[in-house]
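Visitor: Could you show me how to read a few features of a protein model, taking the general idea before each case?

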Amino acid sequence: MTQDQETQQMKATGPNAGASPVAGEDPDMSRILRRETHSSRAGASVIAAVLVIVLCVYALLEAGVRAIGQPPWLIDPTTAAERIIALPEGISPLLLGASGAVIAMVGLFFLLHAVLPGRRARHLLRDPRTAVVVDDEVLASALARRARTAANVTQEQVMVVVSRQLVVVNVRPTSGSRVSEEAVLTAVQAELEEMSPLPMPAVRVNLASSGVIGA
C-alpha cells in the first residue's frame, strides 16, 4: 500500500474521521510529512552501497592481478576462499569470535534499518490550513504543565513521557496533600483533545506511593 493510499484510508476509517482535517492529508503534502515524521534511510543505503562497491572493486583488481601473473596486493582470491572454507582452522578463537561479533553487529544494523518503520518522535497536529509537525518533547511539556496544574504540584513533581501510542504521566504528590488521579487524567486528555495530535495516544497516569515534602 502506498503512502497516499494509507493517508486516504486513515481519513476514511481513522478515529478522527469526523474531525477537522490535517492539511498534510493532501496527497501533495504527504511526501513532505512522511519525510518529517520518518527517519531517512539514505545514510544506511549509501554505506551499504559503498561497502559492496569497495568489495567488488577489490575482488576485480585481485582477479586482474592474478590474471597477469603478478603477486596479489593483499591476499590471493583462491587462498582467501580456501581459508574461509577451512574455518575455524588457522585462526584463534578470540579473533574468530571478535570478527563474528563485528559482522553480526553490522548485519543487525542494516537489518533493523530495513525492517523498522523509522518513525521520529513527532506527531502531526490537525490544522485545515497548514501542516503542523511537533516534537514529542513539546507535547510532553504542554501536558506536564496541564497535569501539574490539575494536581497542584511543582514542576519537579511531574514527568510526562510521550510515545507514538501512549502518554505516561508520572506524578509525585506533596506529602499530606491528596491528588486525584481522575482529575489529572481528565485534564491531560482534555489538553490532548484540544491539540488533536495524530495518531491520538492513550493516557496513563501513575501516582507515586511516596510523596515529597512541600516547601
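Guide: Let us begin with accessibility: a residue is called buried under 20% relative accessible area, exposed over 50%, and partly exposed in between (1.4 Å probe, protein chains only). Isoleucine 53 counts as exposed because its relative accessibility is 52%, and this residue is found in helix H3, residues 42–67, where helices are DSSP runs of H or I with at least four residues and strands are runs of E with at least two, numbered from the N terminus. The model is predicted, with local features needing pLDDT of at least 70 and side-chain atom pairs pLDDT 80 or more, while totals for chains, interfaces and linings use all residues. Residues are numbered from 1 along each chain as its sequence is written, and side-chain values use heavy atoms, leaving out hydrogens and water.

Visitor: Which residues have the most contacts inside the largest nonpolar core?

Guide: In soluble globular proteins, nonpolar side chains tend to be buried together. A nonpolar core is a set of buried Ala, Val, Leu, Ile, Met, Phe, Trp, Tyr and Cys residues joined through side-chain atoms within 4.5 Å. The largest one here has 24 residues, and those with the most contacts inside it are Leu143, Val158, Val160, Val167, Val169, Val184 and Val203. Its largest share, 7 residues, comes from H6.
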